[in-house]
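Trainee: I have a model open and would like to talk it through with you. Could we start with the terms and then go through it piece by piece?

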Amino acid sequence: MSSSTTVGETPIAAPFALSAREPHVPAEHLVAEMVPPPRFDSVRFDTYIPDPDQPSQTEAVHVLEHFAAGLGGAHAATSGRRGFLGLGRSKAPKAPAGPRGVYLDGGYGVGKTHLLASLWHATPAEPSLKAFGTFVELTNLVGALGFQQTVKTLSGHRLLCIDEFELDDPGDTVLVSTLLGKLVDAGVALAATSNTLPGKLGEGRFAAADFLREIQGLSAHFRPLRIDGEDYRHRGLPEAPAPFTDEQVTRAAYATEGASLDDFPHLLEHLARVHPSRYGALTDGIRAVCLTDVQPVPDQSTALRLVVLADRLYDREVPVLASGLPFDRLFSEEMLKGGYRKKYFRAISRLTALARDAKGLVAAS
C-alpha cells in the first residue's frame, strides 16, 4: 500500500498487506539463516528460569551446559572454514563412541526451544559451524540443495539443532533420519525436540521412547532429557484478551509504523500460494500484524500453514492484533483431537501470547 492517513496531526503511511507479498529466498540463504530466530538471539542458560516445582528443568540446564562444553573437541579444528557448499574443508573425523545427541523431551511451553537455542549459543564454535532450524526448514534445505549436497554442506558443522522434529510424515522422518545418520558419521553432534505422532493424544508431550523408536538406527546417538512443567506462556498470566473490533484493528494498523493489515480469510488464501519456507521472509520488516474478521480455519492444510506462520511470528516477537473470533476458536474440535493436535495447541498458545503483546497498540491509536 502507498496511501496515507492522519492520526492526530501526524500523517501515517498505510500499513503493509502480507497478502500482497510474494517473497523469494535463494537456496544459499537457507543455510546462512539456520541460526536461532530473533526471539532467541539473547537467550542463554542463565536466562532460563527453572520452575522451582520442576527439578527436571534445573537438571536439564546442567546436562546441556556439560554437553556444550564437551563439543570443543577436534571436529571444528580439523573442519576449518568452508564455503556455502562445504568446499575446501578438511575431511571431518568420525564421531567418537557414545551418544552424540540429546533429545529434549517435554510438553509445549516448558522452554525447550529456549534451551535448544542456549545450547547453540554455548557451543564453542563459530556460528558458521553451527546450525539451528526447525524440521520443516531442514527438509526445505534438502529440497533446495538435494540430499548429497546437504550432507556435504552440514557435515563440517560442530552442532545441528532441530526444533520440533516432525514425526507426522513417515517419508520425511525416514529422509531426515538418514541425513542425520550421515552427519553423525561425519562427527556432527545433534540436539532435537519433537512434536507428537498422529493418534498420540497425551497432554502436550511426546514420549522419548516413541521418538527413539521412530528414528530407529539413530536412537543410540541420543540421550533423552526429560523436562517437566506447564506452559510458561500462561504461567501466572491472565486469559487471552478478547478480540477487538474491525475499526479498532484498522485504526491501530494505520497508527503503528511498520504494521501490516489483512483480512484473515484473504491472508489464508495467500498462504496457499507461498511456500512455508518463505513465511519468515513474508514477515521481514513487519513490526505488528493486524487481522480483521478472524474465522475458524476451514481445513487441515490451511491450519498447518497457519501453524507455520504463527511460529515465524512468535520467533520474531511480532504482536498480533485481531478482530473476529478469539484464537482459541481457530481450530475445530476434530482438529484438536487429531494427530496434529500438538501443533494446533502450540499455535493457539503462541498467538495468544502475541495477542497479549498487541493490546497496547489499541491504546496507542
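This is a predicted model: local features need pLDDT of at least 70, side-chain atom pairs count only at pLDDT 80 or more; totals for chains, interfaces and linings use all residues.

Trainee: Okay, so is Glu317 buried, exposed or partly exposed?

Mentor: Glu317 is partly exposed, because its relative accessible area is 45%, which falls between the 20% and 50% limits. Glu317 sits in the loop between helix 12 and strand 10, the strand of residues 320-324.

Trainee: What is the phi of Glu317?

Mentor: The phi of Glu317 is positive, at about 55°, although the residue is not a glycine, and its place in the chain is just after helix 12. As background, most residues other than glycine have a negative phi.

Trainee: Which residue in strand 5 has a phi like that?

Mentor: That would be Glu164, which has its place in strand 5 and has a phi near 55°, again a positive value in a residue other than glycine. Glu164 counts as buried, because its relative accessibility is 9%.

Trainee: Back to helix 12, then. What span should helix 12 have, and how far apart are its end C-alpha atoms?

Mentor: Helix 12 has 16 residues, which at 1.5 Å a residue should span 22 Å, and its end C-alpha atoms are 23 Å apart, so the two values agree.

Trainee: How many of the residues of helix 12 are buried?

Mentor: Twelve of the 16 are buried, so helix 12 is largely enclosed by the rest of the structure.

Trainee: Take Thr302 as an example. Why does Thr302 count as buried?

Mentor: Thr302, which is found in helix 12, counts as buried because its relative accessible area is 7%, and the cut-off is under 20%. If its neighbours within four places in sequence are left aside, Thr302 is in contact with Leu268 and Val297.

Trainee: Changing topic: how many cavities of 30 Å³ or more are there?

Mentor: The count comes to one cavity of 30 Å³ or more, and the volume of the largest cavity is about 80 Å³. The general idea is that rolling a probe the size of a water molecule over the atoms shows where empty space is left.

Trainee: What lines the largest cavity?

Mentor: Among the lining residues are Leu18, Phe264, Val289, Leu306, Leu309 and Phe327, and the lining as a whole divides into twelve nonpolar residues, no polar ones and no charged ones. Helix 10, strand 9 and helix 12 each supply at least two residues, and helix 12 gives the most, with four.

Trainee: And the largest pocket, how much space lies in it?

Mentor: About 1000 Å³ of space lies in the largest pocket. Of the 42 residues that line the largest pocket, the closest to its centre are Thr134, Val136, Glu137, Val308 and Arg312.

Trainee: Which element gives the largest share of that pocket's lining?

Mentor: Helix 12 again, with seven residues; the other elements that each supply at least two include strand 4, helix 5 and helix 14. The lining of the largest pocket divides into 17 nonpolar, eight polar and 17 charged residues, whereas the lining of the largest cavity has no polar and no charged residues.

Trainee: One more region. What does the side chain of Gln57 reach?

Mentor: The side chain of Gln57 reaches the backbone oxygen of Asp228, at 2.7 Å. Gln57 lies in helix 2 and is buried, with a relative accessible area of 1%. The C-alpha atoms of Gln57 and Ile227 are separated by 5.4 Å, although these two residues are 170 residues apart along the chain.

Trainee: And Ala32, is that buried or exposed?

Mentor: Ala32, which lies in helix 1, is exposed, with a relative accessible area of 59%. The C-alpha atoms of Ala32 and Pro127 are separated by 9.3 Å, and the two residues are 95 residues apart along the chain.

How values were computed. Residues are numbered from 1 along each chain as its sequence is written. Side-chain values use heavy atoms; hydrogens and water are left out. Buried means under 20% relative accessible area, exposed over 50%, partly exposed in between (1.4 Å probe, protein chains only). Contact means heavy atoms within 4.5 Å. On a 1 Å grid over the protein atoms alone, a cavity is a set of points where a 1.4 Å probe fits but cannot get out, and a pocket is an open set with protein on both sides within 12 Å along at least five of seven lines; lining residues have an atom within 4 Å of a point. Grid points are joined across faces, edges and corners, and a volume is the space filled by probe spheres set on the points. Ala, Val, Leu, Ile, Met, Phe, Trp, Tyr, Cys and Pro count as nonpolar, Asp, Glu, Lys and Arg as charged, and the others, Gly among them, as polar. A polar contact is a pair of N or O atoms within 3.5 Å; within protein, one must be able to donate a hydrogen and the other to accept it, and residues adjacent in sequence count only if both atoms are side-chain atoms. The expected span of a helix is 1.5 Å times one less than its number of residues.
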